[in-house]
Amino acid sequence: MTEYKSDLLRLLSERGYIHQVTDAAGLDALAGKQAIPGYIGFDATASSLHVGNLVSVMLLRRLQQAGHKPIVVMGGGTTKVGDPSGKDEIRKLLDDDGIAANIAAIRRIFERFLTFGDGPTDAVMVNNADWLDKLEYIPFLRDVGRHFTINRMLTFDSVKLRLDREQPLTFLEFNYMILQAYDFLELSRRVKCRLQMGGSDQWGNIVNGIELTRRIDGDELFGVTTPLITKADGSKMGKSVNGAVWLHEDQLSHYEYWQFWRNADDRDVGKFLRLFTDLPLDEIARLESLEGAEINEAKKILANEATALCRGRAAAGEAAETARRTFEEGSAGEALPTFVVAGGSIGVVDALVELGLCASKGEARRLIKGGGARVDNEKIEDETLVLTISAPVRISAGRKHHGLLTPGA
């Protein structure tokens with residue numbers, strides 16, 4: 001591990017956030033002398049971010065913890081174009097009202113992780129539509145576009161992936177990397193931003209912004225990328241068996257969010273504690289050294305701390321209590337995913353789908369056939385079973401996923 005002198009790069013290195021740095025010595029020296037404004041961009045394609053975005057959110061939190069200034073750049077402009085990075089197909093484009101509504105909802109998430117205000121290290125949120133919407137096409141091509149070659153743009157992974165798979169890449173999306181580079185130039189001019197951070201797939205875009213700013217303004221900027229964060233089984237961080245793990249409670253209950261962390265693979269506990277909680281490193285070292293049944297206590301701490309950061313300490317406590325009652329006492333718990341059954345009855349296959357325990361009826365039937373579905377702890381043998389709901393009924397998919405059916409009015 002590289003020995004850094006600044007609090008910023010030491011913190012990022014010790015907790016496992018650093019994959020690449022454009023000029024480590026230069027950034028280390030600058031971070032030791034002044035508060036650095038640094039940004040990460042987020043497109044407003046949905047009303048919530050998900051766990052796959054969380055390492056970037058935490059990266060901004062670490063920046064602020066180390067005495068620097070986080071800039072959250074919402075892509076009100078670039079969302080109208082669509083980032084091709086990691087995408088196999090064209091993304092659905094939103095109108096201005098939809099983008100604005102998503103940005104307002106996402107800000108509520110960031111307010112839990114960052115301190116916003118007017119101070120030198122207070123976070124700010126900006127919208128790149130403020131400058132991108134005002135660009136004139138011909139002047140932009142002349143002043144900015146001439147610094148980019150098609151030859152080099154074709155070498156970027158975001159472009160090569162689409163072309164190699166013979167998937168369409170529109171000229172609109174092809175412009176995305178130029179617009180992101182221009183963001184860095186504008187932020188350097190507007191708020192003296194010196195640092196852009198992001199996932200490893202953003203390395204090329206970050207370098208573009210650094211080079212563009214150097215060529216046009218002569219200013220020195222820096223970039224940091226994080227490693228691709230995957231679970232021990234190789235799957236992406238943002239996904240669970242039931243779909244995306246949303247950060248916003250409107251999309252995912254406190255209990256389900258807590259349970260995602262509680263279900264972490266034993267091998268991921270230390271890594272996740274370092275990345276996604278504020279626990280001290282010596283305590284994390286102790287927790288990740290636990291073995292056997294004791295590792296489950298470390299997972300509960302991970303779930304409590306990660307949920308407290310994102311949803312609040314009260315929500316974490318509520319979810320933990322629901323889990324305790326569900327798994328230790330066998331009762332339903334009040335915060336389980338709930339579906340209100342109108343008419344007094346529902347087929348067990350439909351129940352599994354409505355509760356989000358299975359993604360489809362076919363998956364629900366396979367679960368039942370494999371003996372993994374239970375009603376109030378009794379194994380379901382018949383996929384045609386119709387449940388009469390006159391009081392709350394607990395449905396389980398395997399040992400770890402549960403939901404509650406309640407009677408309608």
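Visitor: In S15, which residue is the bridge partner of Phe-339?

Guide: The partner is Leu-405. This is a predicted model, where local features need pLDDT of at least 70, side-chain atom pairs count only at pLDDT 80 or more, and totals for chains, interfaces and linings use all residues. Residues are numbered from 1 along each chain as its sequence is written, and side-chain values use heavy atoms, with hydrogens and water left out.

Visitor: In which sense do S9 and S15 pair?

Guide: Strands S9 and S15 (residues 401–407) run parallel, over 4 bridges. Two strands pair if DSSP finds at least two bridges between them. Strands (E, at least two residues) and helices (H or I, at least four) are DSSP runs, numbered from the N terminus.

Visitor: What is the order of the open sheet of 5 strands?

Guide: The order is S9-S15-S14-S11-S12, and the pairing is mixed. Its edge strands, S9 (338–341) and S12 (378–379), each pair on one side only.

Visitor: Now the helices: how many residues of H12 are buried?

Guide: In H12 (residues 254–262), 7 of the 9 residues are buried, that is, under 20% relative accessible area with a 1.4 Å probe, counting protein chains only. Among them are Trp-258, Phe-260 and Arg-262.

Visitor: And what share of the protein is buried?

Guide: Of its 409 residues, 48% count as buried.

Visitor: How many helices and strands are there in the protein?

Guide: The protein has 18 helices and 15 strands.

Visitor: What does the C-alpha trace span?

Guide: Along its principal axes, the trace spans about 70 × 50 × 40 Å.

Note on methods. Buried < 20%, exposed > 50% of the residue type's maximum accessible area, 1.4 Å probe, protein only.
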